[in-house]
Amino acid sequence: MSFEAEVVYTALSTNRFPYAADVSESTCIAFGSGKLIGLWDPSNPGDVGVFKTLSGHGGLVTSVRFLTNEVLVSGDDSGYLFLWRSQSREEWNIVQKIQAHGHSISCITSLHGFVVTGSSDSSLKVWTVTDSLEHIQTIRLGGKYPIAVALSSLPGSTARVLAVSGTDRNIQLWVKSSNEFIRSATLPGHEDWIRSLAFKSPTIPGDALLLASGSQDGAIRLWKILPVTNNRMTAPQTDSNILSDDLLNAFEDSLGDIRDNEDDNRQISLKRYTISIADDIKFSVTFDALLVGHEAGITRLSWQRPLDDSPPTLMSTSTDSSVILWSPSSSLHGSSEDSSIWMNRQRFGDIGGQRLGGFVGGLWGCGDRDLFAWGWSGGWRRWHSESTNSWVEKGAITGHVGPAKTLSWSPCGAYCLTVGQALLTDQTTRIHGSVPGPGKSRSVWHEISRPQVHGYDMIGAEFLDDLRFVSIGDEKVARVFEAPRGFVDTVEALQIFSFTQEEHNRPEAANVPPLGLSNKAVTQDNVGLTSDTYLRRPFDGELASSTLWPELEKIYGHGYESISLTVSSSRHLIATVCKSTTPEHAGIRLYNTTDWRPVGNPLMGHTLTVTRIAFSPNDKYILSVSRDRSWRIHTLDETTGVYLPSAHDKTHGRIIWDCAWSPKGTLFATASRDKTVKIWGASEAGAWSLSTTLKMNEAATAVDFKERVDGRLLLAIGLETGSIVLYSLEDSKTWTSVGTIDQNKAHIAQINRLSFRPSIKDTTGNDNPLYLGTCSDDGAIRVLLLQEV
């Protein structure tokens with residue numbers, strides 16, 4: 001007998017690099033998430049989100065590029081370049097791993113078997129791709145770091161042109177007609193670093209090759225590249241041709257002093273630059289248009305592929321939290337004339353740029369009918385085009401930025417709560433729910449609420465009931481939150497769970513008032529949302545602002561920052577501990593959930609920080625484990641209602657990370673850095689003794705029990721490497737290994753929490769499916785379905 005795991009939900013964020021995501025011709029989006037690469041198919045009608053993760057990188061993934069639907073190139077901040085090839089939709093293999101650069105890879109571009117990588121080691125490298133990557137040229141940039149690269153063919157030619165921008169204000173054009181790229185021109189004009197470059201190939205012979213450049217100065221410049229004919233090169237000087245290049249250049253130079261004295265000195269240069277691939281084959285590069293509309297720096301540009309019912313369109317993303325679609329005015333007004341005037345055709349995002357960091361990048365997908373953009377918080381926004389000027393926002397994927405520290409199921413088992421710990425980037429709690437749908441064999445999981453956006457790193461959270469939870473951050477206070485009516489309406493509208501009529505009687509929503517620090521309950525008029533908002537899945541922008549929960553209470557008591565939290569099985573008690581280097585502060589504090597007052601004195605005994613607390617199923621025992629390598633049990637005195645010390649042990653050789661009780665409370669497990677998990681049982685005399693020691697290959701960091709339908713116990717153990725080991729109790733004392741979930745389906749970093757979902761009937765009619773929720777330092781949240789084979 002053994003178990004296999006199926007990944008039914010993966011929540012991932014996207015790294016904050018403009019080239020950390022790319023889309024294939026078949027609309028598979030690959031994106032870097034920490035050291036992972038996530039694969040998302042937004043064209044899938046089941047809306048399943050991330051369907052596969054690729055592991056192998058040792059650093060943050062900074063750049064991703066599809067060469068074909070089956071071949072992918074990725075780079076990381078340690079300078080490694082990976083070549084991936086797919087055998088099927090679900091199976092991707094590493095073909096090659098190269099130390100391509102000495103420092104972080106900042107950008108990747110490709111064209112027809114060529115790949116160009118840019119790095120903060122101030123170099124570009126050119127590669128050819130057949131069955132593997134082969135290095136053919138290194139371009140030194142003289143101390144300037146490349147930020148963006150773009151590659152295209154020159155119009156009417158097989159020669160390649162490479163555009164490069166870096167930590168200066170210029171664009172360098174490099175041309176390859178034979179063996180190597182040769183620097184051919186430098187295009188000035190921008191007033192800050194150029195963050196993005198994008199070529200648009202001509203669709204009709206004779207049309208110009210367009211280059212778009214976006215800068216931190218908030219402006220986008222368009223450049224035209226056209227072949228220079230022999231007639232034009234040798235034409236005599238006439239009155240009609242009197243504005244020669246030399247005269248135009250001299251005129252612009254004479255304006256230099258004037259420009260320097262102007263406040264807004266955006267330079268409009270009419271100079272023509274010439275690039276050559278042979279003595280008699282030359283191309284002219286001229287400035288064509290200046291696009292001004294963003295209020296902050298441009299992060300990425302992308303051209304829409306030609307569509308019959310859509311004008312030429314350039315998409316731009318910006319740190320001002322907006323996405324703009326630009327098209328030439330002539331096409332918008334039905335004119336056939338070529339125009340250098342480009343207009344802001346459509347604008348998406350948030351008004352006023354109030355989102356921290358804005359948008360990091362954007363892509364076209366689904367036949368270029370859909371627009372995708374990801375933000376500073378790692379979540380995606382998606383807009384679908386019903387027609388040329390009609391766009392509708394749709395749901396997209398989200399995830400924690402940085403380590404995910406805990407996962408707690410609601411008592412009903414319909415949704416779970418997770419917290420993120422990333423300084424100034426993801427100090428949030430999030431709720432994920434399974435949404436059934438017509439024609440789907442199984443529910444699809446989505447983030448449905450973001451009840452707390454905090455100012456401290458989040459450490460832990462636990463549900464008090466289906467509509468209340470308590471959380472702790474890197475502060476001395478525990479905070480209690482209660483769901484607003486908006487959450488209740490959303491959960492019912494999505495058919496996740498049903499509530500009583502009395503549970504609908506609550507505030508509409510919550511917000512953080514000006515100069516305030518806590519979520520306050522508000523009415524619908526204050527929220528500014530309609531009832532329709534709660535009838536669908538929230539978008540990422542709404543999750544960050546409109547799904548907050550009102551803060552109900554603050555719980556004080558600790559002298560140092562909180563480190564662990566749990567709730568009793570009856571939901572009547574809360575237990576918290578704080579960081580400690582002395583026995584004085586290593587006590588466990590208990591609070592009741594009626595008036596939030598302390599219950600008795602702190603439970604003392606440990607000498608260092610307590611890492612985990614667990615109530616037994618009948619609340620008779622409180623088990624705690626600590627950095628002092630010991631576990632302790634406090635037993636309830638039913639006469640006085642006080643928990644008294646009753647047992648302790650220091651058998652483990654290293655820190656104990658986690659502990660858990662069996663469903664009947666007759667056993668408990670402790671997981672330690674000493675690479676063991678120990679199972680403890682109670683004797684007839686009531687003493688707790690070691691029953692079994694399970695040896696692991698790596699440090700054990702998380703553990704949880706589940707009782708199966710036949711009454712046998714299943715034990716899940718999370719390891720420091722991200723793998724999960726499963727054991728089954730076949731008789732009263734024998735634990736048998738029944739499966740290992742490797743990094744492809746589990747995690748690639750330390751697992752912080754394992755939690756089996758409370759028994760609930762799923763949409764397939766299975767009365768007791770085994771769902772295991774996991775979270776890890778790799779930032780991923782996963783829900784696994786365990787099936788016996």
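Author: A residue counts as buried under 20% relative accessible area, as exposed over 50%, and as partly exposed in between, with a 1.4 Å probe and protein chains only. The model is predicted, so that local features need pLDDT of at least 70 and side-chain atom pairs pLDDT 80 or more, while totals for chains, interfaces and linings use all residues. Residues are numbered from 1 along each chain, and side-chain values use heavy atoms, without hydrogens and water.

A search of the whole structure gives 31 aromatic pairs (rings of Phe, Tyr and Trp, the last by its six-membered ring, with centres within 6.5 Å; stacked if the planes are under 30 degrees apart, edge-to-face if over 60, tilted for the rest). One of them is stacked, because the rings of Phe82 and Trp84 have centres 5.8 Å apart and planes at 20 degrees. Phe82 is buried at 1% relative accessibility, and Trp84 is buried with a relative accessible area of 1%.

Trp409 and Trp445 form an edge-to-face pair, because their planes stand at 75 degrees with the centres 5.9 Å apart. This pair links distant parts of the chain, since Trp409 belongs to strand β31 (residues 404–409) and Trp445 to strand β34 (residues 444–453), 36 residues apart (strands are DSSP runs of E, at least two residues, numbered from the N terminus). Both Trp409 and Trp445 are buried.

Elsewhere, ring pairs join Tyr415, Phe463, Phe469, Phe481, Phe487 and Trp549 into a cluster.

Charges also sit over rings (NZ of Lys or CZ of Arg within 6 Å of the ring centre and within 35 degrees of the ring normal): Arg89 lies over the face of Phe51, 3.8 Å from the ring centre, and the charged end of Lys97 is over the ring of Tyr80, 4.9 Å from its centre.

Key:
Helix = DSSP H or I, 4+ residues; strand = E, 2+ residues; numbered from the N terminus.
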